[in-house]
Amino acid sequence: MGIILKNVHILGTEESERTDVYITGSRISGIGKEPPMFSADEQIDCSHKTVMPGLVNCHTHAYMSLMRNYADDVPFHTWLFDRIVPVEDALTPEDAYWGNLLSIMEMIRTGTTTFTDMQMFPRMAVKACADSGMRAVITRGLQGSNRNDEGAQKRFAQAFDEMAYGESTGANCTFALGPHAIYTCGEDLLRYVSEVAAERDMMVNIHLTETQKEFDDCMAEHGMTPVEYLKSLGLLDRRILLAHCVYLTDGDFDLLAAPNIAVVTNPASNAKLANGIAPVREMLRRGVNVCLGTDSAASNNALNMFAEMRLLSMEQKAGTKDALALTAEETVRIATKSGAEALGLGDLGEVAVGKTADLILIDENYPNLRPLYNRTAALVYSATGMEVSDVLIGGRIVMRDCNFTTIDAEQVYYETEKIAARFR
Ligand SMILES: [Zn+2]
């Protein structure tokens, strides 16, 4: 399959520059010059479009779009334990499939081509990715007191079963271990996760130091910060993705500044649940890898990485009273290349020959983007995400002129409203 993006602007190049981008199979095979033996099956006229790498949403719970705008304006612990968990307990795997697909639709529509999921319905996120062509890093949420805990064993078994299933479907999925948090996983279970991650060379995906309560409880129970506690369990020696990291001490920054560790900041979720503003500028200054996530649609309440980029940049500037706290270029990098690298998918996140063609096209003909002095600034500060017109994942067109090519949108709306009717 050969695709030409004709007369396109590549984000980050000279503003007036336009060129042609060639895609062969899953990869970018040429820029500005037709590669040998190229044959085009499809040509997209991009004379008013900009191409950039697909956005990488490094933290979400895709099935939870079913709880969007269901439990708002309540404190964090009430939100999680009194409102969200009871609905989760009533969901069936089929419900979760439709929730996953709804989230994938929203992500594709707003330019996300890869997401990291922590979920509780084995196979359903994988099936939704396989059916839609979406790329994801899937982690089955793990909880329990210790490694012999019956529930924990069951979830581990499901995680590995899901990996095998994922490989059999050919979905664009990789797999990681997902211990939920230090307040839902006991010390022995976390040590076990660390051992399994080392044995199988798997990444670990965990929520960490999201709330003041979590920080204070960890200090009281272990005499250590949450970051120090993970270090003591060996987990910071693994490839690890730490969602949130809002509450950090001076010493924590040094422990986090390592190539195998990435912090996923989720500014909207932290703001909405009144958990505060993560010290992103300071993390970057101290050499910590930072990437971006939306968290779930139940705490955001959207999965729109353009909205997330804008908020991240704005609140870092506002919070530090420094207009240079996070530039538009830095923000785009965090939402693309840094995310891809954090997930071990370094082949994504760039528009360059040889790279995987996870690309999004942005329609420049929107009043909120004009005049086009600086596209990067326009995309971070002025765009809404709805300017995304076309999306390619691994060279496959999953949205063309704002129409989904792999998902029946009407059916997803119908099925998800039917599920929501049960919880009204
Ligand atoms: Zn989360």
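Select Asn301 to begin: this residue is found in the loop between strand S13 (289-292) and H11. Helices (H or I, at least four residues) and strands (E, at least two) are DSSP runs, numbered from the N terminus. The model is predicted, and local features need pLDDT of at least 70, side-chain atom pairs count only at pLDDT 80 or more, while totals for chains, interfaces and linings use all residues. Residues are numbered from 1 along each chain as its sequence is written.

**Backbone at Asn301 and Pro371**

Display the backbone from Asn300 to Asn301, where the peptide bond is cis with omega near 5°. Then move to Pro371, in the loop between strand S14 (359-363) and H14. Here too a cis peptide bond is present, joining Arg370 to Pro371 with omega of about -10°. Most residues other than glycine have a negative phi, and most peptide bonds are trans.

Next select Asn69, in the loop between strand S6 (55-60) and helix H1 (76-90). Asn69 is not a glycine, yet its phi is positive, at about 60°. Asn69 counts as exposed because it has 9 C-beta neighbours inside 10 Å. A residue is buried if 20 or more other C-beta atoms lie within 10 Å of its own, exposed if 12 or fewer, and partly exposed in between, with C-beta atoms placed from the backbone.

Continue to Ala274, in the loop between helix H9 (267-272) and helix H10 (280-285). Ala274, which is not a glycine, also has a positive phi of about 60°. Ala274 is exposed, with 11 other C-beta atoms within 10 Å.

**Helices H11 and H12**

Select helix H11 (residues 305-320) together with helix H12 (residues 328-335); they pack at an angle of about 135°, with their axes 10 Å apart. Axes are lines fitted to C-alpha atoms, for helices over the stretch in contact, and angles run from 0 to 180 degrees between N-to-C directions. The angle therefore makes H11 oblique to H12; angles under 35 degrees count as roughly parallel, over 145 as roughly antiparallel, 65 to 115 as roughly perpendicular and the rest as oblique.

Show the side chains at this contact: H11 provides Met305, Met309, Leu312 and Ser313, and H12 provides Ala328, Thr331 and Ala335. Two residues are in contact if their C-beta atoms, placed from the backbone, lie within 7 Å. By class, the contact of H11 with H12 has five nonpolar, two polar and no charged residues. Ala, Val, Leu, Ile, Met, Phe, Trp, Tyr, Cys and Pro count as nonpolar, Asp, Glu, Lys and Arg as charged, and the others, Gly among them, as polar.

Go to Pro122, in the loop between strand S7 (112-119) and helix H3 (124-132). Pro122 counts as buried because it has 21 C-beta neighbours inside 10 Å. Leaving aside its neighbours within four places in sequence, Pro122 is in contact with Arg140, Gln158, Asp161 and Glu162. Gln153 lies in helix H4 (residues 150-169) and, with 12 C-beta neighbours inside 10 Å, counts as exposed.

The contact takes 19 residues from domain 1 and 23 residues from domain 2. On the side of domain 1 that touches domain 2, helix H14 (375-382), strand S15 (388-393) and strand S16 (396-400) are the elements that give two or more residues. H14 gives the most, with five residues.
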